[in-house]
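This briefing is for a reader who is new to the structure. Please look over the sequence and the model before reading on.

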Protein chains: 2
Amino acid sequence: MTVERACDVLLLFAELPQARLGVTEIATTLELSKPAVHRILSSLRNKGMVELDPSNRKYSLGPVILNLGLSYLDKLDIQAIAAPELARLSRATNETATLSVRAGDGRVYVDQVTPHREVLMSVQIGILHPLHAGASSKAFLAHLPDEEIDRHLGEPLRLLTPRTVVDPVSLRRELAAIRQRGWARSVGERQAGAASVAAPVLDVRGHPLAVVSVCGPAERFEPEMATCVEHLLAATARLSARAGRPADGGPPTVAAGGP
Amino acid sequence: MTVERACDVLLLFAELPQARLGVTEIATTLELSKPAVHRILSSLRNKGMVELDPSNRKYSLGPVILNLGLSYLDKLDIQAIAAPELARLSRATNETATLSVRAGDGRVYVDQVTPHREVLMSVQIGILHPLHAGASSKAFLAHLPDEEIDRHLGEPLRLLTPRTVVDPVSLRRELAAIRQRGWARSVGERQAGAASVAAPVLDVRGHPLAVVSVCGPAERFEPEMATCVEHLLAATARLSARAGRPADGGPPTVAAGGP
DNA sequence: AGCCGTGTTCCGATATTCGGAGCTGCATTC
DNA sequence: GAATGCAGCTCCGAATATCGGAACACGGCT
């Protein structure tokens with residue numbers, strides 16, 4: 001009970017635009033007695049969660065709160081928090097939802113949820129894929145810093161399927177479009193007969209933490225693509241929020257140059 | 001009492017490297033009874049401060065904690081938290097300590113603490129200064145993104161004193177040196193007869209939130225400079241930590257190119 | 001100087017937390 | 001597959017920490 005009240009006090013600081021609050025202000029807003037608020041604030045102050053400005057006698061959030069927040073980010077287990085989103089995505093689209101993270105020079109699928117259908121797409125978990133082909137790969141590549149993009153496009157690009165784009169100029173144009181609209185698409189670039197859309201989960205600095213994709217057999221996937229993108233972006237927006245990205249989105253990426 | 005225990009539980013998550021903790025684990029570490037820990041965790045969970053993984057029955061920090069931390073950053077009042085550091089700096093060096101923030105195309109002093117001496121330096125609060133002359137200005141400029149540096153050096157640079165550096169090439173060399181060593185110096189560049197050292201307060205992304213300087217009359221300041229820098233960097237390191245910068249420092253700035 | 005609003009302290013009453021003991025459910029073991 | 005162990009959860013009377021009204025300090029205002 002008391003600890004829930006203490007949480008309410010902390011949350012009040014987060015909700016209200018003003019940084020400094022007085023005891024009475026908090027008490028009336030939360031409908032608590034002044035002594036109760038005072039006791040709670042004293043306890044929180046002992047632990048550094050809030051600070052007291054002795055001149056004003058106003059309280060504000062303390063630096064320890066920041067430590068906790070950063071610790072949350074440190075320990076962020078993207079696979080764990082993405083799992084329910086993948087399940088939801090797969091159910092909503094009736095296709096396969098995947099999660100990729102970077103590994104070495106490329107990326108690997110670390111998780112997937114497949115739909116309950118006879119014809120479906122299933123990716124291989126743990127296999128290294130290059131960053132120049134396929135929606136998930138391009139979603140990563142598009143949101144990397146310019147130097148890394150240059151590095152990847154400097155290497156010769158392997159032709160994985162007949163539809164793989166290996167021309168650096170075309171690929172750069174494609175990456176710019178992906179950055180702008182926030183998602184990538186591919187039809188058979190990495191895997192012949194497969195199609196997919198993918199979008200990144202961005203952290204507070206705009207770096208891609210992971211990429212989520214929805215994919216399926218090419219023939220039936222292409223007409224579904226628009227609705228898949230809709231669900232996909234909703235999912236990645238929620239995940240990015242949990243990685244510290246503000247709700248309004250912010251700049252597409254730190255490395256995105258002007259238009 | 002209980003809310004302090006609840007804080008201890010949260011802090012335990014931040015201190016320990018592992019992200020997920022069980023009830024017994026927490027209870028033994030904190031020397032609390034299991035029911036007490038369970039009650040606390042339930043309350044915290046109701047408020048989203050911690051999350052429960054139903055499969056493991058392990059608890060971890062929740063996304064609300066991140067909201068609180070980001071809210072702390074939003075409301076960060078650099079002037080308020082810098083005030084005691086300025087006082088300490090001025091006392092330690094027996095010179096004037098100042099705080100500047102960016103404003104428009106330049107910067108303004110927003111606070112200062114002067115020493116108790118007859119001959120001293122006092123800056124004017126609230127006056128806009130350009131970013132190319134003086135230690136505080138150069139400390140800002142050196143840590144801005146490359147595009148902004150280019151923009152500032154593209155404009156013609158005004159000669160404020162006979163010692164102002166107006167040659168873009170020399171200035172760029174100077175800025176690189178400032179980035180590398182983490183602090184800037186000036187002798188009479190902005191104000192004839194004055195000398196100062198300055199260092200930035202960097203936020204979590206490496207952007208300069210404010211600049212702290214120590215300054216005084218040129219003749220007596222120059223021999224004191226080494227010790228002033230020492231105290232200055234200690235102060236800005238503490239302030240940067242409170243703005244989310246990890247203790248180890250990290251890269252000097254996001255915009256700093258290769259050596 | 002006197003007032004008002006705020007933060008703080010005091011107090012008995014009581015509701016809440018306390019922790020030992022016991023229960024449940026999962027997992028590992030033989 | 002039954003038994004064992006462990007961890008989490010629930011129950012309970014006892015006790016103590018929290019509760020809130022009221023009174024007290026402390027500044028800032030008029």
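How many nonpolar, polar and charged residues does the surface near DNA strand C have? The surface near DNA strand C has 6 nonpolar, 6 polar and 4 charged residues; a residue is near if one of its heavy atoms lies within 4 Å of the strand. Ala, Val, Leu, Ile, Met, Phe, Trp, Tyr, Cys and Pro count as nonpolar, Asp, Glu, Lys and Arg as charged, and the others, Gly among them, as polar.

This is a predicted model, in which local features need pLDDT of at least 70 and side-chain atom pairs pLDDT 80 or more, while totals for chains, interfaces and linings use all residues. Residues are numbered from 1 along each chain, chains are lettered from A and ligands numbered from 1 in the order written, and side-chain values use heavy atoms, without hydrogens and water.

**DNA strand C**
- Met1(A), Thr24(A), His38(A), Arg5(B) and Arg39(B) come nearest of the 16 residues around DNA strand C.
- For Ser33(B), the corresponding distance from a side-chain N or O atom to a phosphate oxygen is 2.9 Å.

**Ser43(B)**
- Ser43(B) counts as buried because its relative accessibility is 8%, where buried means under 20% relative accessible area (1.4 Å probe, protein chains only).

**Charges over rings**
- The charged end of Arg107(B) sits over the ring of Tyr109(B), 4.5 Å from its centre (CZ of Arg or NZ of Lys within 6 Å of the ring centre and within 35 degrees of the ring normal).
- Arg181(B) has its charged end over the ring of Trp183(B), 4.4 Å from the centre.

Terms used:
Buried means under 20% relative accessible area, exposed over 50%, partly exposed in between (1.4 Å probe, protein chains only). A polar contact is a pair of N or O atoms within 3.5 Å; within protein, one must be able to donate a hydrogen and the other to accept it, and residues adjacent in sequence count only if both atoms are side-chain atoms.
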